[in-house]
Amino acid sequence: MTSLAMVLSPPLRRGVVMILSSPSGAGKTTLTRMLLQDRDLDLTLSISVTTRARRSSEVDGIHYRFITEKQFAAMRDAELLEWAEVHGNFYGTPRAPVEAILAQGRDCLFDIDYQGTRQVREKMGADTVTVFILPPSMKELRARLECRAEDAAEVIERRLQNARKEIARWKDYDYVIVNDDLQRSFDDLIAILRAERQRRPRRERGIAEFVEKLLSE
Ligand code: ADP
Ligand code: 5GP
């Protein structure tokens, strides 16, 4: 909700557009959940639309908005910030909620693939921070997908085949984390977010006002 104070005084910091990508099963949904549960971080998830079937653990409107291909086609050009076909399904990021969060100087978290990352970076440039999550081994990646037990065997095989192509995109990203120890990966993500929040270009106006006051003492 936009408070009166926010309307009167623009945000003193530009929001961070933090993008996490990984091959399926490397752990980005788990890490995303951990980041969102840490209320002090005040991160908001960009909830994607998808034509994929809902998994039993997923809730419509929380993990994704599950829509038909017809609905997707109607939204695609006017309402989506980016979109891509991934593992045979369509996924996209609604633009309006992201813009509303950033207008408040707050940060937005994206769990999207490398194709979407490229599109968001083209549109939002310096506001983006991109992190690629790698599995510690291909064996472990398979074990995680099988252990998650949410996808049919042929879906897992397709995702493992696509994983090699996705992993090859690691060089497109600002940061790379090998998600072996979950807690360490989480700590690394928090460190990245905290450091990015302090970058001078994001705080230009706020710091300029502070320094002006400082020097007037
Ligand atoms: P993704 O969103 O990248 O497809 P998930 O977050 O759903 O992956 O993780 C896939 C499975 O691996 C889940 O069952 C999750 O609990 C498990 N997992 C995630 N990170 C780790 C880790 N560091 N060590 C062990 N298991 C993990
Ligand atoms: P899953 O079906 O496992 O939830 O996600 C499959 C892949 O689609 C993951 O790589 C995930 O990051 C990606 N994805 C999810 N939402 C979006 C989106 O809105 N845009 C794009 N480009 N990729 C997405």
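Me: A polar contact is a pair of N or O atoms within 3.5 Å. With that in hand, which residue has a polar backbone atom 2.9 Å from a nitrogen atom of ligand 1?

Reply: One caution before the case: this is a predicted model. The residue is D180. Its polar backbone atom and the ligand nitrogen are 2.9 Å apart, within the 3.5 Å cut-off.

Me: How much of ligand 1 does the protein bury?

Reply: Taken alone, ligand 1 exposes 570 Å². The protein buries 78% of that.

Me: Which side chains have an N or O atom 2.4 Å or 2.8 Å from an oxygen atom of ligand 1?

Reply: At 2.4 Å the side chain is that of T29. At 2.8 Å the side chain is that of R148.

Me: Which residues come nearest to ligand 1?

Reply: Read the shell as a list of neighbours. Ligand 1 has 14 residues around it, and G25, T29, T30, R148 and D180 come nearest. By type, the shell holds 3 nonpolar, 7 polar and 4 charged residues.

Me: Where does ligand 1 sit, and which elements give two or more residues to its shell?

Reply: The space that ligand 1 takes is the largest pocket. Two or more residues come from each of α2 (28-37) and α6 (138-148). Helix α2 gives the most, with 3 residues.

Me: What polar side-chain atoms lie close in, at 2.5 Å, 2.7 Å and 2.8 Å?

Reply: Take them one by one. A polar atom of the Y91 side chain is 2.5 Å from an oxygen atom of ligand 2. For D111, a side-chain N or O atom is 2.7 Å from an oxygen atom of the ligand. For D113, a polar side-chain atom is 2.8 Å from a nitrogen atom of ligand 2.

Me: How much of ligand 2 is buried?

Reply: Alone, ligand 2 exposes 510 Å², and the protein buries 97% of that. Ligand 2 sits in the largest pocket.

Me: Step back. How many helices and strands are there in the protein?

Reply: The protein has 9 helices and 9 strands. Its radius of gyration is 19 Å, close to the 17 Å that the globule rule gives for 217 residues, so the protein is as compact as a globular protein of that length. Along the principal axes, its C-alpha atoms fill a box of roughly 65 × 40 × 30 Å.

Methods:
Residues are numbered from 1 along each chain as its sequence is written. Chains are lettered from A and ligands numbered from 1 in the order in which they are written. This is a predicted model: local features need pLDDT of at least 70, side-chain atom pairs count only at pLDDT 80 or more; totals for chains, interfaces and linings use all residues. Side-chain values use heavy atoms; hydrogens and water are left out. A residue is near a molecule or strand if one of its heavy atoms lies within 4 Å of it. A polar contact is a pair of N or O atoms within 3.5 Å; within protein, one must be able to donate a hydrogen and the other to accept it, and residues adjacent in sequence count only if both atoms are side-chain atoms. Accessible areas come from the Shrake-Rupley method with a 1.4 Å probe; for residues, only the protein chains shown count as cover. On a 1 Å grid over the protein atoms alone, a cavity is a set of points where a 1.4 Å probe fits but cannot get out, and a pocket is an open set with protein on both sides within 12 Å along at least five of seven lines; lining residues have an atom within 4 Å of a point. A molecule sits in a cavity or pocket if more than half of its atoms lie within 2 Å of its grid points. Helices (H or I, at least four residues) and strands (E, at least two) are DSSP runs, numbered from the N terminus. Ala, Val, Leu, Ile, Met, Phe, Trp, Tyr, Cys and Pro count as nonpolar, Asp, Glu, Lys and Arg as charged, and the others, Gly among them, as polar. The radius of gyration is taken over C-alpha atoms; the globule rule is 2.2 Å times the number of residues to the power 0.38.
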